[in-house]
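Me: I would like to learn how to read a protein model step by step. Could you take me through this one, giving the general idea before each case?

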Amino acid sequence: MRPWCASGTRARGGTVFQDVQRRIEAMQQEVQAVRVPVEDPEGLVRLIAGPGGAFEDLAIADRAYRLSAEELAELVTRTMKDGTARADERVRRIAADMAKGERP
């Protein structure tokens with residue numbers, strides 16, 4: 001725990017507000033950088049997932065086109081949901097670590 005001054009500033013410089021603002025900005029940057037590569041078990045669908053359902057770099061293997069349109073859509077959806085869940089978990093860990101004071 002850091003010592004506090006009566007004026008609301010830290011004893012060693014910087015206001016409480018500035019410290020919190022810096023921590024929030026660092027957390028926002030870290031959250032925005034979250035990317036999780038994910039692939040279905042058969043290696044037919046690969047993508048990079050971000051938090052909140054975001055994804056990029058969707059790749060579908062040629063052999064995936066042997067599936068019906070419905071099967072392929074389901075496989076892509078499952079892979080996206082898996083990646084999004086992993087990315088969201090990373091975001092939760094980032095926020096939890098910040099709340100515990102374990103991140104800058």
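Predicted model: local features only at pLDDT ≥ 70, side-chain atom pairs only at ≥ 80, totals over all residues.

Me: Which residues of helix 1 are buried?

Reply: The general idea is that an α-helix has 3.6 residues a turn, so residues three or four places apart point the same way. In helix 1, the buried residues are Asp-19, Arg-23 and Val-31. Seen down the axis of helix 1, the buried residues fall within an arc of 105°, so they line one face of the helix. The face turned away from that buried side carries the exposed residues Phe-17, Gln-29 and Gln-32, while helix 2 is included in what covers the buried residues of helix 1.

Me: What pattern does the protein chain follow when read along the sequence?

Reply: Read in that direction, the pattern of the chain is α-β-β-β-α, and its secondary structure comes to two helices and three strands.

Me: How many bridges join strand 2 to strand 3?

Reply: Four bridges join strand 2 (residues 45-49) to strand 3 (residues 55-60), and these two strands run antiparallel. As one place to look, find Arg-46, which stands opposite Ala-59 in strand 3. The hairpin of strand 2 and strand 3 has five residues between the strands, and in this hairpin Gly-52 takes a positive phi near 70°.

Me: Is Thr-79 buried or exposed?

Reply: To decide, compare the relative accessible area with the cut-off, since a residue counts as buried when the value is under 20%. Thr-79 has a relative accessible area of 4%, so this residue is buried. Its place is in helix 2 (residues 69-99), and a polar atom of its side chain lies 2.8 Å from the backbone oxygen of Leu-75. If we leave aside the neighbours within four places in sequence, Thr-79 is in contact with Val-38, Glu-39, Asp-40, Val-45 and Leu-47.

Me: What share of the 104 residues in the protein chain do buried residues make up?

Reply: Buried residues make up 25% of the 104 residues in the chain. The chain exposes about 7,300 Å², of which carbon and sulfur atoms supply 53%. Turning from surface to contacts, among those with a separation of 6 or more, 45% are between residues 24 or more positions apart.

Technical notes. Residues numbered from 1 in each chain as written. Heavy atoms only, no water. Buried < 20%, exposed > 50% of the residue type's maximum accessible area, 1.4 Å probe, protein only. Contact = heavy atoms within 4.5 Å. Areas by Shrake-Rupley, 256 points an atom, 1.4 Å probe, with all protein chains shown as cover. Polar contact = N/O pair within 3.5 Å; in protein donor to acceptor, adjacent residues only side chain to side chain. Pairing = 2+ DSSP bridges. Arc of directions from axis to C-beta.
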